[in-house]
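Open the model in your viewer and keep the selection tool at hand. The stops below go from the ligand to the domains.

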Amino acid sequence: MKVNRNGVRFCNESTPYDILCFQAGRQPGGVFCQVFDANAPEDILRFATIGCSAFANQMMAVGMPIEEFCAVALEQGVMQKADTLDELADKLGFEGDAKQAFLDQAERYNQQFDAQVDDDFGKEAYRLSALRQAPFYGCWFGGSLLTTIDGLQINGDCQVLRADNSVIPGLYAAGDVSGSFFSGNYPEYIVGCASGRSSTQGRHVARLLAGDLKA
Ligand SMILES: Cc1cc2nc3c(=O)[nH]c(=O)nc-3n(C[C@H](O)[C@H](O)[C@H](O)COP(=O)(O)OP(=O)(O)OC[C@H]3O[C@@H](n4cnc5c(N)ncnc54)[C@H](O)[C@@H]3O)c2cc1C
């Protein structure tokens, strides 16, 4: 479950990164809190996500305990852990109305899991989870950077362009330093498109410079 500073769920947690990040960016302070319980290993396997988050699936599949998976965040105090949701809310800094809203929201989320229907945001039933099994975990998140959406403007041969679109001879840019490939969207469902873009462009430039291709 993801909630904002007011303890209120604000999105379908099953949406791609960019949609989630934009929604989170519109919340108070631009931050959100991720909460899960001791059943996380089973939940993560059932969610069957793809892309870089599949790293968690793989660790759970080989039996890594959730405590070990979260060890660094817990040790550094970035992630909080508690025996009850009430205690977790305190540790995460929810106070007053926000704390009550957080507890009410968790209860509502549990009811939606029982009914297997997310009637607030339409999350798929197989990606709903309950928050009932202690210990409970929570962590605050802000913006995150997976790839750059700006950078040097290039042509089809990765040659860097001047502001007037003329080629700068001998200067190439591939991967994250090249610009506009993901302008406005980072399509998570095309898994590997960022690292794939980098290696494809890099290989293309290498072949050009080796004389294997004509510019
Ligand atoms: C957490 C995370 C998850 C991701 N998951 C995915 C995914 O599932 N699928 C996907 O396609 N993409 C994913 N990405 C994005 C993808 O990893 C990047 O887009 C890709 O690695 C960019 O490759 P690159 O070669 O352009 O840049 P980089 O991989 O950043 O390589 C740049 C290299 O240049 C070196 N360097 C920097 N400055 C200098 C210097 N002055 N001199 C010499 N060397 C220097 C750096 O050390 C680095 O090794 C993810 C990114 C992150 C952060």
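**Ligand site, then domains**

Start with the ligand and Ala194: a polar backbone atom of Ala194 is 3.0 Å from an oxygen atom of the ligand, a polar contact being a pair of N or O atoms within 3.5 Å. The model is predicted, so local features need pLDDT of at least 70 and side-chain atom pairs pLDDT 80 or more, while totals for chains, interfaces and linings use all residues. Residues are numbered from 1 along each chain as its sequence is written, and side-chain values use heavy atoms, without hydrogens and water.

Next, select Ser195, where a backbone N or O atom lies 2.8 Å from a ligand oxygen. Then pick Asp176: a polar backbone atom there is 2.7 Å from an oxygen atom of the ligand. The ligand alone exposes 1000 Å², and the protein buries 36% of that (Shrake-Rupley method, 1.4 Å probe).

Zoom out and colour 2-141 as domain 1 and 159-209 as domain 2, bounds that come from an automatic or database domain assignment. Their centres, taken over C-alpha atoms, are 35 Å apart. Domain 1 gives 7 residues to the contact and domain 2 gives 5 (heavy atoms within 4.5 Å).

Methods. A polar contact is a pair of N or O atoms within 3.5 Å; within protein, one must be able to donate a hydrogen and the other to accept it, and residues adjacent in sequence count only if both atoms are side-chain atoms.
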